[in-house]
Amino acid sequence: MIETGRLLLRRWRADDIEPFFAMGQDAEVMRYLGPPTTRDDCEAVVVRQNALADETGSCFWAIERLSDGEFLGFCGIKPGPAGTPVADQPEIGWRLARAGWGQGYAREAAQASLDRAWATTDWPAIAAITVPANERSWGLMIRLGMVRDPQGDFDHPSLAVGDPLRRHLTYRISRPTPIV
């Protein structure tokens with residue numbers, strides 16, 4: 001678990017499935033991510049992320065707001081998707097329910113995830129991917145200190161030719177140099 005001033009990033013629980021499913025039905029949340037998710041998709045994500053946490057100590061953690069226990073979405077670091085330039089590299093990602101937008105939660109969760117990674121792993125760098133149109137996402141990447149890697153941009157292999165979400169941008173951040 002990772003705790004910040006306002007958030008708890010934690011393992012997924014069965015009671016996260018319903019709000020996660022609702023989030024996946026919101027057209028604005030899914031605008032740059034693809035079609036609405038099914039309940040089965042959501043259940044599979046919960047199982048997969050908890051298995052990753054068990055295997056690697058990291059995953060896309062469920063985000064809970066400390067003040068009221070509300071599920072806000074997810075954020076964390078997992079292996080990048082197969083068949084892409086970030087395959088098996090640490091990839092940071094996030095998705096928040098619309099009610100959590102514009103309040104700094106994504107940045108708070110992402111920064112906490114990066115801080116934990118630098119403190120507990122020997123990863124030399126962490127990647128992030130998004131579609132060109134998702135300005136809020138790549139804007140956060142820049143605010144986190146990530147730098148665009150144009151040579152790492154790619155067409156996502158799981159999306160069909162012609163799909164407007166197929167093209168992906170890659171950003172990276174290197175391990176900070178220790179201050180001596």
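## Helix α3

A residue is called buried when its relative accessible area is under 20%, and this cut-off is used below in reading a model that is predicted. In helix α3, the buried residues are Tyr105, Ala106, Glu108, Ala109, Ala110, Ala112, Ser113, Leu114, Ala117 and Trp118.

Helix α3 covers residues 105–120, which makes 16 residues in total. From its first C-alpha to its last, helix α3 reaches 22 Å, close to the 22 Å expected at 1.5 Å a residue.

## How α1 and α2 pack

Two packed helices are described by the angle between their axes and by the distance between those axes. Helix α1 (residues 17–25) packs with helix α2 (residues 39–56) at an angle of about 125°, and their axes lie 9 Å apart. With this angle, α1 and α2 are therefore oblique to each other, and their crossing is right-handed.

On the side of α1, the contact is made by Ile17, Glu18, Phe20 and Phe21, while α2 contributes Arg39, Cys42, Glu43, Val45 and Val46.

## Thr37, in the loop between α1 and α2

Thr37 is found in the loop that lies between α1 and α2. Is Thr37 buried or exposed? Thr37 has a relative accessible area of 16%, and because buried means under 20%, Thr37 counts as buried.

If residues up to four places away in sequence are not counted, Thr37 touches Phe21, Gly24, Gln25, Met30 and Cys42. Of these, Phe21 and Cys42 also belong to the contact made by α1 and α2.

Glu3 is found in strand β1, which consists of residues 2–3, and its relative accessibility of 59% places Glu3 among the exposed residues. Leaving aside neighbours within four places in sequence, Glu3 is in contact with Leu8 and Leu66. Glu3 and Arg65 are 62 residues apart in sequence, and from C-alpha to C-alpha they are 9.9 Å apart in space.

Asp88 is found in the loop between β4 (71–79) and β5 (90–96), where Asp88 is exposed, with a relative accessible area of 68%. Most residues other than glycine have a negative phi. What is the phi of Asp88? The phi of Asp88 is near 65°, which is a positive value in a residue other than glycine.

Technical notes. Residues numbered from 1 in each chain as written. Predicted model: local features only at pLDDT ≥ 70, side-chain atom pairs only at ≥ 80, totals over all residues. Heavy atoms only, no water. Helix = DSSP H or I, 4+ residues; strand = E, 2+ residues; numbered from the N terminus. Expected span 1.5 Å × (residues − 1). Buried < 20%, exposed > 50% of the residue type's maximum accessible area, 1.4 Å probe, protein only. Axes fitted to C-alpha atoms, helices over the stretch in contact; angles between N-to-C directions. Parallel < 35°, antiparallel > 145°, perpendicular 65-115°, else oblique. Left-handed = near helix turned anticlockwise from the far one by under 90°. Contact = heavy atoms within 4.5 Å.
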